[in-house]
Each structure stands twice: as structure tokens, then as C-alpha cells.
Amino acid sequence: MAKLYFKYGAMGSSKSAQALITKFNYEELGMTVWLIKPSIDTRDGAEIIKSRIGLQEKAQVITPEQNIVEEYRRAGRHNVIIADEAQFFTPEQIDQLRELVNDEDIPVLCFGLRTDFLTHLFPGSGRLMELADSLTEIKTVCACGRKATVNARIDENGRVITEGDQVFLGGNDSYIAMCHKCWTDRIRSQKDQLYMF
């Protein structure tokens, strides 16, 4: 029986690499994969999913206005759906992925962030947490050695940013995966430095 999977992790936890490796594994078995990504993710090109280790594939881009069920039917039948950066899909689109699992009996594997730079759930991730049959954390580590759970947004001087829009596209120059303790310690330290002047 098909399932809806959410595989989430902090920045740098190899989510995109695992999505592309999973695609390769299905295809090696002779299965067809519909690889999709939300249109907001343009870091490596509108249609490209690229991992930090260099793996990359072309994917179908889904805009917030598109109905994923309708797009799947236009794309033709596949054995599996793999969605990268799933946190950027709308909650309604996550419902549509759930509908495909139920009605088409097709596994849907979603890879993405759980929370933003302020530790708040993305709307798409929140809906996946509610609907997924399987939740798997893809772990990575903080510089201190603890498990990283926070996607700390940083400025050009390495200071942690605590204000701004939920979505800001960037890579290693804009985000650092940190444990919650290091993240809060860094924010406190920055505030203390401000009061010293």
C-alpha cells in the first residue's frame, strides 16, 4: 500500500542528494519517477534540483496556483512521485499529494525543511506533519557536535538574523545548521554585545 513520506532535516543534511539518489534507485529498478519542485526555489535554476555534493536533475516546476493532481495526470502515469523543497508547497498542494497516494495508490516522497530560521513550521511542512504516513528526520550536526535542528539565517558578518520574511533563498552563505542551544547562545551573545556599546 502506497504512503505519503516526509523526510525532513536542517540545512545541509543532504535532503536533495537523498531525493536524487532515491530517484536513481527507483529508475534502476525500471520504475518511472515524477520529480517535482515548487517554483519559489530558483537557487540553481528554475527547473533544476541540485545537491551540495553536485548531483542534479531536471524537475517539473509547480507554481502555488497549480493543482498537483491535475499536473500529475497531464504528466502521465508514474510509479512514484518525489518532491524536493516540499516546505514551499501550499497546504492545499500537500492535500493534493495525499489525494494521489490515496486515489492512485502511488508512493509520494517529500523532502524538505521542517522549520524556518525562527524555528516556525513552514505551512507546507506543517501540513505534511499532519498528513504523512511516515516522518523521517535526516540528521546533521552543529559545529559543537550536537544534532542540528535550527536553520540559522546569517548576515554577511556571520551574525544570526532574527527578523525578516519567512522565505529567503540562500545556501551556505546565508544559512548555518545549528543546535538550538548554540542558536540561542549566539543570539544572546549578539544582544549582549549591542548593550556594551
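Is glutamate 85 buried or exposed? At 8% relative accessibility, glutamate 85 counts as buried. The legends below describe close-up views of a predicted model.

**Figure 1. Glutamate 85 in the loop between S6 and H3.** The relative accessibility of 8% is under the 20% cut-off, so glutamate 85 is classed as buried.

**Figure 2. Threonine 119 in the loop between S7 and H4.** Threonine 119 also has a positive phi, of about 70°, although it is not a glycine. With a relative accessibility of 31%, threonine 119 counts as partly exposed.

**Figure 3. An open sheet of 6 strands with parallel pairing.** The strand order is S5-S2-S6-S7-S1-S8. Strand S5 (60–62) and strand S8 (134–137) form the edges; each has a single partner strand, so one side of each lacks a neighbour in the sheet. Neighbouring strands are turned against each other by 20° on average, direction ignored. Helix H3 packs on the sheet, where it touches S1, S2, S5, S6 and S7. The direction of H3 makes about 150° with that of S7.

**Figure 4. Strand S2 and its partners S5 and S6.** S2 pairs with S5 in the parallel sense over 3 bridges, and 4 bridges join S2 to S6, again with the strands running parallel. On the S5 side, proline 38 has isoleucine 62 as its bridge partner, and lysine 37 has valine 61. On the S6 side, tryptophan 34 is bridged to isoleucine 81. In a regular strand, side chains alternate between the two faces of the sheet. In S2, Val33, Leu35 and Lys37 point one way, whereas Trp34, Ile36 and Pro38 point the other way. Buried residues account for 6 of the 6 in S2, so this strand is largely enclosed by the rest of the structure.

**Figure 5. The largest nonpolar core, with 24 residues.** The members that touch the most others are Leu4, Ile36, Ile81, Phe89, Leu97 and Cys110. Two or more residues each are given by strand S1 (4–8), strand S2 (33–38), helix H2 (68–75), strand S6 (80–83), helix H3 (91–104), strand S7 (108–112) and helix H4 (123–131). H3 supplies the largest share, 4 residues. A second, separate core contains 12 residues, among them Ala10, Ala148, Val150 and Val160. In soluble globular proteins, nonpolar side chains tend to be buried together.

**Figure 6. The surroundings of cysteine 110.** Leaving aside neighbours within four places in sequence, cysteine 110 is in contact with Leu4, Tyr5, Phe6, Lys7, Ala83, Ala86, Leu97 and Leu128. Cysteine 110 and two of these partners, Leu4 and Leu97, are listed among the core residues that touch the most other members.

**Figure 7. The contact of helix H3 with helix H4.** The two helix axes come within 8 Å and cross at roughly 35°, in a right-handed crossing. From H3, the contact involves Pro91, Ile94, Asp95 and Arg98. These residues meet Pro123, Gly124, Arg127, Leu128 and Leu131 in H4. By class, the contact divides into 5 nonpolar, 1 polar and 3 charged residues. Within H4, Gly124, Ser125, Gly126, Leu128 and Leu131 are buried. The buried residues of H4 pack against S1, H3, S7 and S8.

**Figure 8. Glycine 12 in the loop between S1 and helix H1 (15–28).** Glycine 12 is partly exposed, with a relative accessible area of 29%. Beyond residues up to four places away in sequence, glycine 12 touches Arg52 and Thr140. Cysteine 144 lies 132 residues from glycine 12 along the chain, and the C-alpha atoms of the two are separated by 15 Å.

**Figure 9. Methionine 31 in the loop between H1 and S2.** Methionine 31 counts as partly exposed, at 32% relative accessibility. Not counting residues up to four places away in sequence, methionine 31 touches Tyr26 and Asn79. Methionine 31 and asparagine 79 are 48 residues apart in sequence, while their C-alpha atoms are 5.8 Å apart in space.

Notes:
Residues are numbered from 1 along each chain as its sequence is written. This is a predicted model: local features need pLDDT of at least 70, side-chain atom pairs count only at pLDDT 80 or more; totals for chains, interfaces and linings use all residues. Side-chain values use heavy atoms; hydrogens and water are left out. A nonpolar core is a set of buried Ala, Val, Leu, Ile, Met, Phe, Trp, Tyr and Cys residues joined through side-chain atoms within 4.5 Å. Buried means under 20% relative accessible area, exposed over 50%, partly exposed in between (1.4 Å probe, protein chains only). Contact means heavy atoms within 4.5 Å. Axes are lines fitted to C-alpha atoms, for helices over the stretch in contact, and angles run from 0 to 180 degrees between N-to-C directions. A crossing is left-handed if the near helix is turned anticlockwise from the far one by less than a right angle, and right-handed if clockwise. Ala, Val, Leu, Ile, Met, Phe, Trp, Tyr, Cys and Pro count as nonpolar, Asp, Glu, Lys and Arg as charged, and the others, Gly among them, as polar. Two strands pair if DSSP finds at least two bridges between them.
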